[in-house]
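Please keep the model open while reading.

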Amino acid sequence: MAKLKIKSIISLKDQLIEEEMVGSFESGVISYQESNNTYVYIDINRNELIRENNELNMKYIFNENELTKGYIYIKELNQDLELDIKTKLIEKESNRYKIEYMIEEETFIYEIEYAEV
């Protein structure tokens, strides 16, 4: 398992969230923990994003220029939500992974830059 220095960038219409942390890479999956105790797993081969914390479990699947399903499980309510995700762009480079997608009318850009430590 390789250790990575990771910079995570999430862009919304009126918000930009940037964070740096140490994570790991194994079998095509990048994993890290954000400062808010959310665990993030990105499978760069299958284009899946999983986020887990005390309140919810989220799984998004991305296929460029296609409509896919996303799932959010809200723990307190014991309820599953299903979302339509329209993936506009997937960019993969040797040290960068970027996804631009829409949920309803809101556009999100999720990008990570990483390097081995």
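Which side chain meets that of Arg-51 in a salt bridge? The partner is Glu-34, with 2.9 Å from N to O; a salt bridge here is a side-chain nitrogen of Lys or Arg within 4 Å of a carboxyl oxygen of Asp or Glu. Arg-51 sits in strand β5 (residues 48-52) and Glu-34 in the loop between β3 and β4, so the pair ties together parts that are 17 residues apart in sequence. Strands are DSSP runs of E with at least two residues, numbered from the N terminus. Both Arg-51 and Glu-34 are buried, where buried means under 20% relative accessible area, exposed over 50%, and partly exposed in between (1.4 Å probe, protein chains only).

This is a predicted model, in which local features need pLDDT of at least 70 and side-chain atom pairs count only at pLDDT 80 or more, while totals for chains, interfaces and linings use all residues. Residues are numbered from 1 along each chain as its sequence is written, and side-chain values use heavy atoms, with hydrogens and water left out.

Glu-19, in strand β2 (residues 15-26), is buried but has no salt bridge. Its nearest side chain of opposite charge is Arg-51, 7.5 Å away; Lys and Arg count as positive, Asp and Glu as negative, and His and the chain ends are not counted. A polar atom of the Glu-19 side chain does lie 2.5 Å from the backbone nitrogen of Ser-35. Beyond four places in sequence, Glu-19 has contacts (heavy atoms within 4.5 Å) with Ile-6, Lys-7, Ser-8, Glu-34 and Ser-35.

The salt bridges come to 10 by the rule above. In one of them, Glu-82 pairs with Lys-69 at 3.5 Å between the closest N and O atoms. Glu-82 lies in strand β8 and Lys-69 in strand β7 (residues 67-74), so this pair joins parts 13 residues apart in sequence. Glu-82 is partly exposed at 49% relative accessibility, and Lys-69 is partly exposed at 34%. Another salt bridge links Arg-96 and Glu-93 at 2.8 Å, N to O. Arg-96 is buried at 14%, whereas Glu-93 is partly exposed at 43%.

Outside four places in sequence, the residues Tyr-110 touches include Tyr-32, Ile-42 and Tyr-101.

Technical notes
Helix = DSSP H or I, 4+ residues; strand = E, 2+ residues; numbered from the N terminus. Polar contact = N/O pair within 3.5 Å; in protein donor to acceptor, adjacent residues only side chain to side chain.
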